[in-house]
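These are my notebook entries on a structure that I looked up piece by piece. I set them down in the order in which I went through the topics.

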Amino acid sequence: MAQQDGLELTPHLPEHRTTTMEQGRFCRAECSCGWRGPARRARSQARTDAQNHQAG
């Protein structure tokens, strides 16, 4: 794609989009960057893992 005069392309900054995934009795946080948190029995802890990943 050609760049037009006067327009600057913004660098692609990867966004961290996290979700939780169920695995049997466990829940794990995952991110669009490829990061995966540990398997947890408590969904709330998996959500906390995801929040900590996004903040860091």
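This is a predicted model: local features need pLDDT of at least 70, side-chain atom pairs count only at pLDDT 80 or more; totals for chains, interfaces and linings use all residues.

Entry 1: Glu30. I found Glu30 in strand S2. I then listed its contacts, leaving aside the neighbours within four places in sequence: they are Arg17, Thr18, Thr19, Met21, Trp35 and Arg36.

Entry 2: the strands. I looked up how S2 is paired. Strand S1, residues 18-23, and strand S2, residues 26-31, run antiparallel to each other and share 6 bridges. I noted that Glu30 is the bridge partner in S2 of Thr19. The hairpin of S1 and S2 has 2 residues between the strands, and Gly24 takes a positive phi there, near 65 degrees.

Entry 3: salt bridges. How many salt bridges does the structure have? I recorded a count of 5. Glu30 takes part in one with Arg28, at 2.2 Å from N to O, and both of these residues are buried. Glu30 also meets Arg36 in a salt bridge, at 3.8 Å from N to O. Arg36, in contrast, is exposed, with a relative accessible area of 57%.

I next recorded the salt bridge between Arg40 and Asp49, whose closest N and O atoms are 2.8 Å apart. Arg40 is partly exposed at 27% relative accessibility, whereas Asp49 is buried at 10%.

Entry 4: Gln23. I placed Gln23 in strand S1.

Entry 5: cysteines. How many disulfides does the structure hold? I recorded 0. For Cys33, the nearest cysteine sulfur is that of Cys31, 3.6 Å away, and Cys33 is in no disulfide. The reason is the cut-off: a disulfide requires sulfur atoms within 2.5 Å. I noted Cys33 as partly exposed, with a relative accessible area of 43%. Cys27, by contrast, is buried, with a relative accessible area of 1%.

Conventions. Residues are numbered from 1 along each chain as its sequence is written. Side-chain values use heavy atoms; hydrogens and water are left out. Buried means under 20% relative accessible area, exposed over 50%, partly exposed in between (1.4 Å probe, protein chains only). Two strands pair if DSSP finds at least two bridges between them. Helices (H or I, at least four residues) and strands (E, at least two) are DSSP runs, numbered from the N terminus. Contact means heavy atoms within 4.5 Å. A salt bridge is a side-chain nitrogen of Lys or Arg within 4 Å of a carboxyl oxygen of Asp or Glu.
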